[in-house]
Amino acid sequence: MKNIYIIVTILFSIITKSQTIIDIRDTKYSYLSNTYYDYYKKDLNNLLNPFQGTYIYTSGNTSFKIVLKKMIKQQIGLHFEDIIIGEYQYIENGIEKINTLSNIDIIYPDQFFKHNIVGNGIIGNINNRQWKCPQCNPNEKRLSLIIEDKLSDRIADLLLRKTIINGKDVIQIKIQNISSKTIDTVNPSSPQLPFTLPIGEFTMTKQ
């Protein structure tokens with residue numbers, strides 16, 4: 001029994017010592033090939049926090065609603081990250097095209113791969129090629145996520161800027177870089193459906 005206790009203690013010590021905490025903005029991390037290496041990409045400065053909430057864009061009888069939540073230390077492969085997850089509802093000309101909002105509180109074993117909005121990319125450069133922002137404060141941090149259209153099985157970049165307009169808390173978003181449809185191995189000749197969600201730039205008000 002004593003030997004088992006010593007072995008468990010040593011293993012725990014090795015695992016604990018191997019874990020490295022990395023700032024969420026740090027992209028220069030690595031791990032040894034063929035060796036277990038546990039690191040934690042942590043939101044040390046709470047840059048994700050301001051983006052949490054429910055936001056809606058409306059134009060006539062068309063609306064786009066998203067809900068964003070911060071999740072702490074989510075496992076992704078052999079490491080962990082703080083991430084934003086989200087779900088959405090899109091109504092076009094009074095007809096609901098797609099609604100995944102009921103999934104927002106589901107705790108999946110792999111949150112990063114199951115939710116329809118996910119990511120933690122920090123954009124800190126106002127001249128970033130993804131989305132130039134001359135009106136941004138030089139120290140302002142924007143967010144880069146991925147959004148998946150469940151109807152067409154395609155993904156796109158979802159870029160967000162948190163700001164205040166006319167005294168209202170809003171996010172300005174940009175949806176771009178629509179992917180091709182994932183190949184259906186059962187029916188590879190199936191047609192590629194159009195991307196369902198709105199594309200371009202628009203402003204969403206926090207609810």
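**Figure 1. Overview of the predicted chain and its secondary structure.** The chain contains two helices and 11 strands, and from the N terminus on its elements follow the order α-β-β-β-β-β-β-α-β-β-β-β-β. Of the 207 residues in the chain, 41% are buried. Among contacts between residues at least 6 apart in sequence, 53% join residues at least 24 apart.

**Figure 2. Close-up of the largest nonpolar core, which holds 25 residues.** Phe 64, Ile 66, Leu 160 and Ile 173 are the members that touch the most other members of this core. Two or more residues each are contributed by strand E4 (62-76), strand E5 (79-92), strand E8 (142-149), strand E9 (154-165), strand E10 (168-176) and strand E11 (200-206). Another core, made up of eight residues, lies apart from the largest one, and its members include Ile 76, Ile 83, Ile 85 and Val 118.

**Figure 3. Surroundings of Leu 160, one of the residues that touch the most other members of the largest core.** When residues up to four places away in sequence are not counted, Leu 160 touches Phe 51, Leu 68, Trp 131, Arg 142, Leu 143, Leu 145, Ile 171, Gln 172 and Ile 173.

**Figure 4. Aromatic pairs of Phe 64 with Tyr 88 and with Phe 202.** A pair of aromatic rings is described by the distance of the centres and the angle of the planes. The count of aromatic pairs comes to five. One of them is the tilted pair of Phe 64 and Tyr 88, with 6.4 Å from centre to centre and 50 degrees between the planes. This pair links distant parts of the chain, since Phe 64 belongs to strand E4 and Tyr 88 to strand E5, 24 residues apart. Phe 64 and Phe 202 form an edge-to-face pair, because their ring centres are 6.0 Å apart and their planes stand at 70 degrees. This second pair likewise links distant parts of the chain, with Phe 64 in strand E4 and Phe 202 in strand E11, 138 residues apart. Phe 64 is buried, with a relative accessible area of 0%, and Tyr 88 is buried as well, while Phe 202 is buried with a relative accessible area of 11%.

**Figure 5. The charged end of Lys 73 over the ring of Phe 80.** In this view the charged end of Lys 73 sits 5.4 Å from the centre of the Phe 80 ring.

**Figure 6. Salt bridges formed by Lys 70, Lys 150 and Lys 162.** Side chains of opposite charge can pair when their charged atoms come close. The count of salt bridges comes to eight. Lys 70 pairs with Asp 43, the closest N and O atoms lying 2.9 Å apart. Because Lys 70 lies in strand E4 and Asp 43 in the loop between strand E2 (39-42) and strand E3 (53-59), this pair ties together parts that are 27 residues apart in sequence. Both Lys 70 and Asp 43 are buried. Lys 150 forms a salt bridge with Glu 148, with the closest N and O atoms 3.9 Å apart; Lys 150 is partly exposed, with a relative accessible area of 45%, whereas Glu 148 is buried, with a relative accessible area of 18%. Lys 162 forms a salt bridge with Asp 169, with the closest N and O atoms 3.5 Å apart, and Asp 169 counts as partly exposed at 30% relative accessibility.

Note on methods:
Residues numbered from 1 in each chain as written. Predicted model: local features only at pLDDT ≥ 70, side-chain atom pairs only at ≥ 80, totals over all residues. Heavy atoms only, no water. Core = buried A, V, L, I, M, F, W, Y, C linked by side-chain atoms within 4.5 Å. Buried < 20%, exposed > 50% of the residue type's maximum accessible area, 1.4 Å probe, protein only. Helix = DSSP H or I, 4+ residues; strand = E, 2+ residues; numbered from the N terminus. Contact = heavy atoms within 4.5 Å. Phe/Tyr/Trp six-rings, centres within 6.5 Å; stacked < 30°, edge-to-face > 60°. Lys NZ or Arg CZ within 6 Å of the ring centre and 35° of its normal. Salt bridge = Lys/Arg side-chain N within 4 Å of Asp/Glu carboxyl O.
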